[in-house]
Amino acid sequence: MKTLYERVNRQLERIDFEALWPGFHPFPFALYDGTHAVLDGRLMDCPEDFHGNTAVSFQGRLTAIWNVRPDLPGDDIGLASKLVHEMFHAFQMERNEKRFPNDLLLAAAELTPEYLALKAEECRCLTEPDGLLRFQALREMRRAVNGGCIQEEFLTETIEGMAQYIELCALEQLCALEQQPADQDPSAGKNPFKNQPAESNRAINCCQTAGRHPSAPKNQSHGRQQAALAECAKRLTDPSLLLDSRRHAYDSGTLLLFAARRYGLSLFHDIGNETCSVYDIIRQQLPPADRSVSFSQNALATWSRILSDQAARREELLRAFLQEAHTTVTGCFRICGYDPMNLWRKGDILYSTSFLCLVDKNGNTVTLSGKVLLQMHPGSADTADAYSTMIPDT
């Protein structure tokens, strides 16, 4: 793992972070596998508070972490770009970003066939070269259907969609550098955009060219990013994934930012002082939405069936959990940590399959892993009256 760390670090040293976003800079990073971690090139026991792939405050420093055991990308460039994603989260935290979504509110949101039909049509528009204006019109219709839920989606697009967008711009930089022929240019391996001042108001749009070395064949240096965007589009139009509002916002936010860039809009803003979502920043630069836009009414029956099937699957999961040996602890517990990618809520039942951290009324922290069922306090997004965990086989 130390060798992998060193290889990835060499890739990260080639990236011009300032060209990705004004003020963005590298952060410490750690690779871990559940048993060991490597940070600053040193092998150590894996810290107990390393969970998932994210940015954390560790030993007084904002640090990007990546679990290589389940989530090892295919090569060093791929892993480096993923770490840039997590470093951008560290940058957001450093800048006191105010637009983090409430994942627990998003998990509790009740989706309707109309809401999902509009969302599916939005996504189709995002995959079309000239679909941005129709996308905006559909999204404004959906905002009227469920303003609370869609606002949390907007915020998730702002935090995660922006980070994934920056990841793909870093990927393009690194792929372009790989195309630079070493025997033709003595500066090969160096980023030609290093140390060049970014234009403060339009710097984010330099991602159109940043990372694309002048002598690199554009179709090759650009191809891997385009393949990644094609995967985003494929996920975005998968009906089974549309129900996962948080996961879906990674790709909708990413494609929205690339669509706005193609449209010539300014994406740069002052993280930490801005309160509008990236969608609303973009919307303000577009002409007013056409309120006469429509979608297929036949889609309502399809989404009604899909929602019904999801409810049946979740009922079966809860039934199976309760049929297994489990223990229940009652009290008053506030959720203070969780894996947002592996939890869902149905009514006042919250079900997690990864990890949860709870704090009781006395301030004691309870860390739970694996399958956990919370009986949520009615009307609360983050307070539970009881939790149940599986009893392990002996």
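Biologist: Which helix does Glu-152 lie in?
Modeller: This is a predicted model, so please read each value as computed from it. Leaving out residues up to four places away in sequence, Glu-152 touches Pro-101, Asn-102, Leu-105 and Leu-106. Glu-152 itself lies in helix H7.

Biologist: Does Glu-152 count as buried or exposed?
Modeller: The cut-off for buried is under 20% relative accessible area. Glu-152 has 12% relative accessibility, so Glu-152 counts as buried.

Biologist: How far apart in space are Glu-152 and Ser-245, C-alpha to C-alpha?
Modeller: In sequence, 93 residues separate Glu-152 and Ser-245. Across the protein chain, residues 24 or more positions apart account for 69% of the contacts with a separation of 6 or more. For Glu-152 and Ser-245, the C-alpha to C-alpha distance in space is 9.0 Å.

Biologist: Ser-245 sits in H10, I think; how are H5 and H10 oriented to each other?
Modeller: Their axes are 10 Å apart, and the helices pack at an angle of about 40 degrees. Angles under 35 degrees would count as roughly parallel. H5 and H10 are therefore oblique to each other.

Biologist: And which residues of H5 make the contact with H10?
Modeller: The crossing of H5 and H10 is left-handed. On the H10 side, the contact is made by Ser-245, His-248, Ser-252, Leu-255, Leu-256, Ala-259 and Arg-262. By class, the contact has 5 nonpolar, 3 polar and 2 charged residues. From H5 come Lys-119, Cys-123 and Leu-126.

Biologist: How is H5 oriented to H6?
Modeller: The axes of H5 (residues 113-126) and H6 (residues 132-145) come within 9 Å and cross at roughly 160 degrees. Angles over 145 degrees count as roughly antiparallel. That makes H5, relative to H6, roughly antiparallel.

Biologist: How many charged residues are in the contact of H5 with H6?
Modeller: The H5 side includes Glu-114, Lys-119, Glu-121, Glu-122 and Arg-124, while the H6 side includes Arg-134, Arg-139 and Arg-142. The contact also has 8 nonpolar and no polar residues. The number of charged residues is 8.

Biologist: Back to H7: what is the handedness of the crossing of H3 and H7?
Modeller: H3 (residues 76-94) and H7 pack with axes 8 Å apart, at an angle of about 140 degrees. That makes H3 oblique to H7. By class, their contact has 12 nonpolar, 6 polar and 4 charged residues. The crossing of H3 and H7 is right-handed.

Biologist: Which residues is Leu-12 in contact with, leaving aside neighbours within four places in sequence?
Modeller: Leu-12 is among the core members that touch the most others. Its contacts beyond those neighbours are Phe-17, Phe-29, Ala-80, Leu-83, Val-84 and Met-87.

Biologist: And how many residues are in the other core that lies apart from it?
Modeller: Phe-333, Ile-335, Leu-358 and Met-376 are among the members of that separate core. Its count is 15 residues.

Technical notes. Residues are numbered from 1 along each chain as its sequence is written. This is a predicted model: local features need pLDDT of at least 70, side-chain atom pairs count only at pLDDT 80 or more; totals for chains, interfaces and linings use all residues. Side-chain values use heavy atoms; hydrogens and water are left out. Axes are lines fitted to C-alpha atoms, for helices over the stretch in contact, and angles run from 0 to 180 degrees between N-to-C directions. Helices (H or I, at least four residues) and strands (E, at least two) are DSSP runs, numbered from the N terminus. Angles under 35 degrees count as roughly parallel, over 145 as roughly antiparallel, 65 to 115 as roughly perpendicular and the rest as oblique. Contact means heavy atoms within 4.5 Å. Ala, Val, Leu, Ile, Met, Phe, Trp, Tyr, Cys and Pro count as nonpolar, Asp, Glu, Lys and Arg as charged, and the others, Gly among them, as polar. A nonpolar core is a set of buried Ala, Val, Leu, Ile, Met, Phe, Trp, Tyr and Cys residues joined through side-chain atoms within 4.5 Å. Buried means under 20% relative accessible area, exposed over 50%, partly exposed in between (1.4 Å probe, protein chains only). A crossing is left-handed if the near helix is turned anticlockwise from the far one by less than a right angle, and right-handed if clockwise.
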